[in-house]
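Please brief me on the aromatic side chains of this model, then on one surface patch and one hairpin.

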Amino acid sequence: EYEIQVELNPDTKTLKCTQKVEYINRSEDYLTHLYFHLYPNSYRYENKPVFEKNDMELAYPRGFSPGMLEIDNVLIDGKPADFVVGGYSENVLMLILQSSLAPGEKTLIEMDYRVLLPYCMGRFGYGDNTYKAVNWYPVACVYDENGWNLDPYYIIGDPFYSETANYHVRIKAPDNYVIAATGNIRSKKKENDQLLWEFDAPAVRDFGWLASNRFETASQRIGKTTVTSYYFTEDAGLKALDYAAHALAFFNEAFGEYPYPRFNIVESDFYIGGMEYPNLIMLDHSLYK
């Protein structure tokens, strides 16, 4: 169970975050440590890129721009916790438990952290039109029959392996920004010149969101699912919605009904065609042209 509060600052290109994770040991082993992926740190070093060499100019059209996640504070069950940040690019957080976590037991982890978004046309970062907060928060590593899975952010393919969880996420952004996110919009509240968006996302393996002060939206209902197109290229955003709605209708019939109430397709500052997250697909804006 994840509960996250995040504030987007477009001026500094940063996210200020607090996070609570209720972690249950579903293995048959006693755990003395817990691990979390810090994927933003994979964007930290130019000599440890997450892109192939020939793609660096496409990913960083203005030259290399670093992204990172800085941990400010960690509590475990309300007490200050010892932790170590390590891995290939400081991309793994190790939490040292004061006592072993027995099978079936749960613990509460609280974190304060800051995320710096890079100017990057890959999955994570920002461009001229959108802020892309995907693979952006500390996510619990999977402990399975092979032990802890601490794989780095591989250049080729999808390196992400995570547990299904329930998410409750509050996103604060300037009131002229629209948020496209995993899950269901629970509420929107005005706070001075800010808007507080509240999302619930049950039974998903990740939580991603994008923000833009240029987004327009259009929706169609397919079965039990609302399909929404978020776009900043006129006309093409409606075509994208039409294609997605027809595809979902066909997949519902051919493979089984889509189990979630929302499905979002989002025009993005992105160069790799498309990238999938729960309830949300990022699409390369060049396709809209």
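The points below are grouped by topic.

This is a predicted model: local features need pLDDT of at least 70, side-chain atom pairs count only at pLDDT 80 or more, and totals for chains, interfaces and linings use all residues. Residues are numbered from 1 along each chain as its sequence is written, and side-chain values use heavy atoms, with hydrogens and water left out.

**Aromatic pairs**

- Rings of Phe, Tyr and Trp (its six-membered ring) pair if their centres lie within 6.5 Å; planes under 30 degrees apart count as stacked, over 60 as edge-to-face and the rest as tilted.
- By this rule the count comes to 27 aromatic pairs.
- One of them is stacked: tyrosine 126 with tyrosine 131, at 5.7 Å centre to centre and 25° between the planes.
- Tyrosine 126 counts as buried because its relative accessibility is 13%, and tyrosine 131 counts as buried at 8%. Buried means under 20% relative accessible area, exposed over 50%, and partly exposed in between (1.4 Å probe, protein chains only).
- Tyrosine 137 and tyrosine 167 have ring centres 5.8 Å apart and planes at 75°, so this pair is edge-to-face.
- Tyrosine 137 lies in the loop between strand E10 (131–133) and strand E11 (139–140), and tyrosine 167 in strand E14 (residues 165–174), so the pair ties together parts that are 30 residues apart in sequence. Helices (H or I, at least four residues) and strands (E, at least two) are DSSP runs, numbered from the N terminus.
- Tyrosine 137 and tyrosine 167 are both buried.

**Aromatic cluster**

- One aromatic cluster is formed by Tyr39, Tyr43, Phe51, Tyr60, Phe64, Phe124, Tyr153, Phe160 and Tyr271.

**Charges over rings**

- A charge sits over a ring if NZ of Lys or CZ of Arg is within 6 Å of the ring centre and within 35 degrees of the ring normal.
- Lysine 13 lies over the face of tyrosine 126, 4.9 Å from the ring centre.
- Lysine 48 has its charged end over the ring of tyrosine 88, 4.9 Å from the centre.

**Exposed phenylalanine**

- Phenylalanine 255 is in helix H2 (residues 236–255).
- Phenylalanine 255 counts as exposed because its relative accessibility is 67%.

- Strand E19 (residues 216–222) and strand E20 (residues 225–231) pair in the antiparallel sense over seven bridges. Two strands pair if DSSP finds at least two bridges between them.
- Threonine 217 has tyrosine 230 in E20 as its bridge partner.
- The hairpin has two residues between the strands, and glycine 223 takes a positive phi near 60° there.
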